[in-house]
Amino acid sequence: MSTIEYVKNFIKDPNIASITPTSQKGVREVCRKMDLNKKVVIVEYGPATGVFTNYLLKRITPDSMIIAIELNENFVGYLKENVKDPRLKVHHDSAENIIDIVRGYGLEKVDYVISGIPFSLLDEDTREDIVKRTSHMIKKGGKFLLYQTFFQKDEHLKVHLEDYFSKANDQYFFRNVPPLRLYEAIKQR
């Protein structure tokens, strides 16, 4: 069902970068970089139909939380209707507003931020702003984990990650349609 929902929204929304959800192998590859055996707060940018969300909800502790920030109103409705878990907080908003959204829960920092929003479709200032604000909200030792289409150029994302995080790695992941470029930015200070 989520593939049908993706296709319907891909046609209408120019901010969606893929016609299909991320594969389960892609989801596992991104999520293996998180320690889910303890209480965590995860922010998810662009959860769409909840492929990552559902995977994480099955693995996080009962006292953990996922704050999903989705710009597409149809996907927000889909998540609210189809994912019934009190640990999930869905917001119809932009990733640029992470600070206000997170602080609205009485939190100062989060453990992880994962993102599938297409940075290549954003203007330069918005890209940098989102990375900067994200870095500000991640705890020391936390990570910003991103999955992008494989043709992502360094100037779309990696250069900004290197400016705001202590360490920024990337790798290609071909067991997905389309193939992915995965980023792991670590906050060490």
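Which residue lies over the face of Y55, and at what distance from the ring centre? R59 does, at 3.5 Å; a charge is taken to sit over a ring if NZ of Lys or CZ of Arg is within 6 Å of the ring centre and within 35 degrees of the ring normal. The model is predicted, with local features needing pLDDT of at least 70, side-chain atom pairs counting only at pLDDT 80 or more, and totals for chains, interfaces and linings using all residues. Residues are numbered from 1 along each chain as its sequence is written, and side-chain values use heavy atoms, with hydrogens and water left out.

**Figure 1. Overview of the protein.** The protein has 7 helices and 7 strands, where helices (H or I, at least four residues) and strands (E, at least two) are DSSP runs numbered from the N terminus. Their order from the N terminus is α-α-β-α-β-α-β-α-β-α-β-α-β-β. Of the 189 residues, 54% are buried; buried means under 20% relative accessible area, exposed over 50%, and partly exposed in between (1.4 Å probe, protein chains only). The accessible surface comes to about 9,100 Å², and carbon and sulfur atoms account for 50% of that. Accessible areas come from the Shrake-Rupley method with a 1.4 Å probe, and for residues only the protein chains shown count as cover. Taking contacts (heavy atoms within 4.5 Å) between residues at least 6 apart in sequence, 67% join residues at least 24 apart.

**Figure 2. Surroundings of V40.** V40 belongs to the loop between helix 2 (24-31) and strand 1 (41-45). Its relative accessibility is 1%, so V40 counts as buried. Leaving aside residues up to four places away in sequence, V40 touches D35, I60, S64, M65, D111 and Y112. V110 is 70 residues from V40 in sequence, yet the C-alpha atoms of the two are 7.5 Å apart in space.

**Figure 3. The stacked pair F52 and Y147.** Searching the whole structure gives 4 aromatic pairs. Rings of Phe, Tyr and Trp (its six-membered ring) pair if their centres lie within 6.5 Å, with planes under 30 degrees apart counted as stacked, over 60 as edge-to-face and the rest as tilted. One of the pairs joins F52 and Y147, which are stacked at 4.3 Å centre to centre with 20 degrees between the planes. F52 is in helix 3 (residues 51-57) and Y147 in strand 5 (residues 138-149), so the pair ties together parts that are 95 residues apart in sequence. F52 is buried, at a relative accessible area of 2%, and Y147 is buried at 9%.

**Figure 4. The tilted pair F144 and F165.** F144 and F165 form a tilted aromatic pair, 6.0 Å centre to centre and with 35 degrees between the planes. F144 lies in strand 5 and F165 in the loop between helix 7 (158-164) and strand 6 (167-173), and the pair links these distant parts of the chain, 21 residues apart. Both F144 and F165 are buried. Together with Y45, they form one aromatic cluster.

**Figure 5. A nonpolar surface patch.** F150, F151, Y172 and F174 make up a nonpolar patch on the surface, with about 460 Å² of accessible area together. Patches consist of residues with over 30% relative accessible area and no salt bridge; like charges are joined within 9 Å, and nonpolar side chains (Val, Leu, Ile, Met, Phe, Trp, Tyr) within 5 Å. Y172 is located in strand 6 and is partly exposed, with a relative accessible area of 42%.

Figure 6. The whole structure holds 10 salt bridges, each a side-chain nitrogen of Lys or Arg within 4 Å of a carboxyl oxygen of Asp or Glu. R32 and E29 meet in one of them at 3.0 Å, N to O. R32 is exposed, with a relative accessible area of 55%, whereas E29 is buried at 15%. E124 and R127 also form a salt bridge, at 2.9 Å, N to O. Both residues are in helix 6 (residues 124-137), 3 residues apart, or about one turn of the helix. E124 is partly exposed at 40% relative accessible area, while R127 is buried at 8%.

Figure 7. The side chains of E162 and K158 meet in a salt bridge at 4.0 Å, N to O. These two residues are 4 apart in helix 7, so about one helical turn separates E162 and K158. E162 is partly exposed, with a relative accessible area of 45%, and K158 is buried at 15% relative accessibility. A network of salt bridges links K158, E162, D170 and R181.
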